[in-house]
Amino acid sequence: MRECFIEFRNVSFRYGDEQPWVLDDVSFTIYKDEWVAIIGHNGSGKSTIAKLMNGLLFPQKGEIIINGIPVNEQTVWDVRKQVGMVFQNPDNQFVGTTVQDDVAFGMENRGFAREEMVNRIDEVLQAVRMEDYLLTEPHRLSGGQKQRVAIASLLAINPEVLILDEATAMLDPKGRKEIMRTVSEIQEKNEISLITITHDLEEVVQAERVIVMNSGKVWAEATPRDIFKQKDDLRKIGLDVPFVAVLADELKQLDIMIKNEPLNHDELLEELWTLHSKM
Amino acid sequence: MNNAIVIGQYVPGNSLIHRLDPRMKITIIFFFVIVVFFANNIISYSILTIFAILTTLSTRISLRFILKGLTPVWFLIAFTFILHLIVTKEGTVLFDVFGYKVYSGALIQGFAISLRFFLLILITSLLTLTTTPIEITDAVEDLLHPLKKIKFPVHELALMMSISLRFIPTLLQETDKISKAQASRGVDFRTGPIKERLHAIVPLLVPLFVSAFKRAEELAMAMEARGYQGGEGRTRLRQLKIKGLDILVFLFFLAVVAALFWTRNY
Ligand SMILES: Nc1ncnc2c1ncn2[C@@H]1O[C@H](COP(=O)(O)OP(=O)(O)O)[C@@H](O)[C@H]1O
Ligand SMILES: [Mg+2]
């Protein structure tokens, strides 16, 4: 059994006493070193979940436990040491006047010694392939590059979990690919849990597990492959089904035997060219 | 257009003056500003002028560029000079201009005061020409450090300055984007009567302000998520260090000041 890292126990949250519940009795567990994708339509409560994990918000009902520590006003600074978060807008989380200063920001807050900062900066910028931009100012970087710097600045403080809250939503396809590649490399090399929040089904395929949110409730929790099988239901809760999955469905309706639910083009291709040998 | 954005008037370089510790530069300028008022004869003025010229030359920035940066001040310098010619009535009458008598004392004093003024502006402008805004911020934070004792928010002020520096280019890019978007909808910023042009600024400012407030809110949240709890217990990556060069330059400056006071009585 894997060690449990984040636990939501019957969590309910609303932004004000008069306002509707944004999260309604939400429970789930995220394990150590696991990659979980959280997906849901706009306004389904994903960002609220992320902020609750970081102690930026506190639930009115239920309990959130991070690495054995219940999140509350006394423990929030301990929790924030373990939970790193990348936000959606690349510009509005870049604090430093240069890449190096931005990576240092989190370490400065935690009182790291100067020499250690210098070493860590080199190390983490290499991990996100931004080592050539040490002294570059943010307005000379692309959105994808800024997000990679944001990831590096979190890695610098050695968090146990990395949350990406729609970190690719404002990027072009190239930037998106860069981030997804960086993130999966980091997940492979380090013992770190990863939570990627998205409203784009294409981005969940690499995750081990997917949590689907709908109107403040956990709607489903399964592997990406199992989630992809429920295309019609996904559409009903406002999610776009990827082209490959739609194509596979059409092919099935034409009596072409596709056994495994393909997650990407390569898998579909594999299914198709081995079709004859299976028949 | 990205590369066109330069904050302040910093000219990159690696000259002696560029490499000086920014705190040292600010300290020297501070004392220079005071000392200038002690010059009282041709020798002491010459010493200050030579010091200023030497400093200017050692920045290795083109003189033309530096003087161009002073354009707005030329007018003030000229104005000071003329004012002195009219007001001061000492010494002998040199000549008459449209009935106004110009005295020799006025000429000398006008020249001295204008020179003083010019030297002040020149030396202070060398600071911003050879020091990045962020270095100046660091130096200000460090020099104001003693004020923390009387609860002056030194760290917060420096953080505010550095975040403003960080966001100026971002907001300029955004202004550019919004003005193009509005222009493409037919808003005209450039022609027409002033009143209409001012009116056209509104659809530019409103989205800019809305977005700036949203940015501020998100930035505050991101900073908190990254463990920012104020200046207490915080360490610094950028650290200023007094080098041998700084001490040498300061000693040289002290020698200049000593020479000035010595020649005052000549
Ligand atoms: N600061 C806030 N104040 C009031 N309501 C908010 C606030 N932030 C989000 N909400 C509301 O909470 C709901 C969930 O928002 P959010 O968690 O941001 O969803 P998601 O990230 O899935 O798009 C939305 O209906 C949104 O309007
Ligand atoms: Mg969101």
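## Helix packing and the chain interface

In this predicted model, helices H3(B) and H10(B) are roughly antiparallel to each other, because their axes cross at roughly 160° and angles over 145 degrees count as roughly antiparallel. H3(B) spans residues 42-58 and H10(B) residues 244-263, and the two axes come within 8 Å. The crossing of H3(B) past H10(B) is left-handed.

On the H3(B) side, the contact is formed by Ile43(B), Ser44(B), Ile47(B), Leu48(B), Phe51(B) and Leu54(B). H10(B) contributes Phe252(B), Phe253(B), Val256(B), Ala259(B), Leu260(B) and Thr263(B). Ten residues of this contact are nonpolar and two are polar, with no charged residue present.

| Feature of the interface | Value |
|---|---|
| Residues of chain B in contact with chain A | 31 residues |
| Residues of chain A in contact with chain B | 35 residues |
| Area buried between chain B and chain A | about 3,100 Å² |
| Share of that area from carbon and sulfur atoms | 52% |
| Salt bridges between chain B and chain A | five salt bridges |

Within chain B, the most area lost to chain A belongs to Arg166(B), Arg226(B) and Leu237(B), which together account for 30% of what that side buries. Arg166(B) also takes part in a salt bridge: its side chain meets that of Asp91(A), with an N to O distance of 3.1 Å.

Note on methods
Residues numbered from 1 in each chain as written. Chains lettered and ligands numbered in written order. Predicted model: local features only at pLDDT ≥ 70, side-chain atom pairs only at ≥ 80, totals over all residues. Heavy atoms only, no water. Axes fitted to C-alpha atoms, helices over the stretch in contact; angles between N-to-C directions. Helix = DSSP H or I, 4+ residues; strand = E, 2+ residues; numbered from the N terminus. Parallel < 35°, antiparallel > 145°, perpendicular 65-115°, else oblique. Left-handed = near helix turned anticlockwise from the far one by under 90°. Contact = heavy atoms within 4.5 Å. Nonpolar A, V, L, I, M, F, W, Y, C, P; charged D, E, K, R; others polar. Buried area = accessible area lost by both parts, 1.4 Å probe. Salt bridge = Lys/Arg side-chain N within 4 Å of Asp/Glu carboxyl O.
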